[in-house]
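Today I want to go through the charged pairs in this one.

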Amino acid sequence: MKRVAVLGATGSIGTSTLDVVARHPERFQASVLAAHRNVEALAELCVRFRPELAVVADPACEPELRARLVAAGVRTRVLAGPDALIEAAAGDAADVVVAAIVGAAGLPSTLAAARAGKRLLLANKEAIVMAGPLLLAALAAGGGDLLPIDSEHNAIYQCLPQRRTGEGAAGVRRLLLTASGGPFRGWNAERLRTVTPELACAHPNWRMGRKISVDSATLMNKGLEVIEAHFLFGAAADAIDVVVHRQSIVHSLVEYLDGSVLAQLGQPDMRTAIAYGLAWPERIEAGVRPLDLVALARLDFEAADGETFRCLPLAYAALRAGGNAPAVLNAANEEAVAAFLEGRLDFPGIAAIIEETLQNVPHRGVDRLEALFDDDLTARRQAQRIIAARFS
Ligand code: NAD
Ligand code: MG
């Protein structure tokens, strides 16, 4: 029996994870559930899954969670606050940690799980973008496995039979990440000014949290994934390409020196990647509809439009700059996306804020987590200042 900690249990990835877990009660037990402040949903999950530990990151929500569990007769231990997320990730209650918190808030718990040698199912791409070298060092120290849950990286992982996390695989020429192109594929800069949060969050193929939905619409999601692929698979920026594939059936590809190209295909359903990570090296039922190639009939591919969707080239530039640049990019993006969702910034403003923040925060190497969080904070303040100046 594998005991699974789901960090971000109330979110889109958390929900898909618990769906797979519930299909295999003889294999998996959801022993730890953690969320930000949606106490009602977290309490309901505790009633259903009876975990050993429940963590609510916002301490103000702790009394309500306790009250709800007492009322429901659930004897789950309750902890609260950011430090409790570390206990959730690294404590004895779980062997497998699903890192599915959104944003930089997930970094400390992701690092803690790696350091503790847990099997780490990584969905929280912002953590590896911010702190790739530190996460790889923590994994090496802990000795556990990292299984990528991001569908593209999960696909590449499946297409690279001989690889070790963080090291390049022999004989590979390039990694090809597929991108749906988001809801505004084919739009020009003029039209993008009319984008509202509601439009941006209505993704054509995937149902996801609001932040990653906006990232998909700006192509920053693909930019973050290029950086993620660099760290996970030891590939240089020049050896990672993006191709737009609107059906989201080919999840990504690996091109070898001999001309072979291996791809992983499937429905756009995150349960495939999650089940792969949970059961690896075995394969289990994930509740995913089989692929019907005849019904699909065709798969389309086209170049990504980095002229219009500036976030993609900005991410490549940050990867090439290295050091703290990916963390600054990520922090500025998180602030800009939040401002966009709150109606304080227009859609094209997201890339503009990130570009200006990258120019304003001094570049330096990354060797300590504290320094990284300093730069994360500096970047957020810079981004807020620029947002306020631009739209006052
Ligand atoms: P979501 O918004 O649906 O869920 C986010 C979860 O994180 C929620 O459970 C929330 O309670 C928790 N959370 C948010 N802030 C927190 C904080 N400060 N402390 C503790 N918990 C906090 O997001 P999602 O779509 O499930 O995405 C989660 C992560 O997975 C993101 O990093 C995203 O990029 C990545 N990812 C998601 C998908 C997808 O299909 N949804 C695919 C690939 C990667
Ligand atoms: Mg992805």
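Predicted model: local features only at pLDDT ≥ 70, side-chain atom pairs only at ≥ 80, totals over all residues.

Residues are numbered from 1 along each chain as its sequence is written, and side-chain values use heavy atoms, with hydrogens and water left out.

Entry one. I looked up the total and found 30 salt bridges (a side-chain nitrogen of Lys or Arg within 4 Å of a carboxyl oxygen of Asp or Glu).

Entry two. I checked glutamate 225 and lysine 222, whose side chains form a salt bridge at 2.6 Å, N to O. They sit 3 residues apart in helix H11 (residues 220-233), about one turn of the helix; a helix here is a DSSP run of H or I, at least four residues. Both glutamate 225 and lysine 222 are buried (buried is under 20% relative accessible area, exposed over 50%, partly exposed in between, with a 1.4 Å probe and protein chains only). I also see them in a salt-bridge network with Lys125, Asp150 and Glu152.

Entry three. Glutamate 342 pairs with arginine 344, with the closest N and O atoms 2.8 Å apart. Glutamate 342 counts as exposed because its relative accessibility is 54%, while arginine 344 is partly exposed at 34%.

Aspartate 346 and arginine 390 meet in a salt bridge at 4.0 Å, N to O. This pair links distant parts of the chain, 44 residues apart: aspartate 346 is in the loop between helices H15 (325-341) and H16 (347-360), and arginine 390 is in helix H17 (residues 369-390).

Methods. Chains lettered and ligands numbered in written order. Helix = DSSP H or I, 4+ residues; strand = E, 2+ residues; numbered from the N terminus.
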